[in-house]
Amino acid sequence: MYKNYHMKIVFILNPISGTVKKAKIPQLIESYLDQDRYTYSIIYTEYAGHATELASSASQNGADVVVAVGGDGTINEVGRGLIGTQTAMGILPCGSGNGLARHLRIPVNLKKAIRLINQYEVRDLDYGLINNNPFFCTCGMGFDAYISKKFADGGKRGKMTYVKYVLKEGLRYKAEDYVIEDANGQYTCHAYLVSCANASQYGNNAYIAPHALMSDGWLDVIVMSPFDFLDAPEVSFDMMNKTLDRSKKVKTFHTKKIHIHRENPGPVHYDGDPVMMGTDIDIELVERGIKIIINPNAESNPVHPNRMQKVVCKVLNGLSGMRPKNKKNQDIIHLQEDNSSSER
């Protein structure tokens, strides 16, 4: 029935994001987009923040769909321009990590991603705010923000560049003291990182919050205690295999709004992009505030660790539990256990 009405779709393409060459993308759109359903246009970004302006303008001018063609940074900019509107956001993942696309099970194969857009399966999903800056995937402070800044300052993109920084800086990074406050009280911790997740992963299938959902009305808060060289394989394995929530180095809980105080200003990240912020950070969830084209088959075919991965996870965590305890390295004090799962 939609053939009687052509929906207006605008592709916003960041020519420099990620590692994917984009010269052939216009031809892919022309070849694989359902032009019985859509009338399309393509616009290129020219500077930081431009995608937000373009998305907002497209929505105001009647676009039914605005597609972010790029990585999580481009998606963040486009999403900012569509918050609270009736325009749906689509995603063609072309970034170095593609965290949001991978969480939503949107194919990184662009032909398949375009075919998914043709299905036009739209959901109202949650997003977060960190000091009033929107994020759709994750935000955080500590080691992940520190590495995000190194990654951004380094210029060269890609998974191996990110891994290089993690390996180089991981064991030299000094944990910080945080005071965390939400509706259930105030907690202090000495932590390697504090992350708030609306979606499950950073990107490249590194799952910081394996059970996070964008439709459940909760933020997943992850507090990771300091770890040493012997702990690193366990933490890395857990993150890549969706078992980080079982790690003895991690505490998690759910919240809708949180205030975090830290001793010193420094970098935070939202959706992988680093910014400098002060000592007081406010993070909250906005429920069902943005429309996004999703993969309708994602929930029927979820990704789970296999039996061997579960066994390795159990063995590594068991070995970790046998090691002598270091009071400083286990000093997560008064942090609430996850008592909100029954509310989800």
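**View 1. D124 and K291 form a salt bridge in this predicted model.** The closest N and O atoms lie 2.8 Å apart; a salt bridge puts a side-chain nitrogen of Lys or Arg within 4 Å of a carboxyl oxygen of Asp or Glu. The pair links distant parts of the chain, 167 residues apart: D124 sits in strand β5 (residues 122-130), K291 in strand β16. Strands (E, at least two residues) are DSSP runs, numbered from the N terminus. D124 is partly exposed at 31% relative accessibility, whereas K291 is buried at 17%. Buried means under 20% relative accessible area, exposed over 50%, partly exposed in between (1.4 Å probe, protein chains only).

**View 2. E287 and K256 meet in a salt bridge.** The N to O distance is 3.4 Å. E287 belongs to strand β16, and K256 to the loop between β12 (250-255) and β13 (257-262), 31 residues apart. E287 is partly exposed at 46%; K256 is partly exposed at 37%.

**View 3. E121 forms a salt bridge with R123.** Their closest N and O atoms are 3.1 Å apart. The relative accessible area is 28% for E121 and 36% for R123.

**View 4. R288 lies in strand β16 (residues 280-293).** Leaving aside residues up to four places away in sequence, R288 touches D124, L125, D126 and S215 (contact: heavy atoms within 4.5 Å). The C-alpha atoms of R288 and D126 are 4.4 Å apart, across 162 residues of chain.

**Notes.** Residues are numbered from 1 along each chain as its sequence is written. Local features need pLDDT of at least 70, side-chain atom pairs count only at pLDDT 80 or more, totals for chains, interfaces and linings use all residues, and side-chain values use heavy atoms, leaving out hydrogens and water.

How values were computed:
Helix = DSSP H or I, 4+ residues; strand = E, 2+ residues; numbered from the N terminus.
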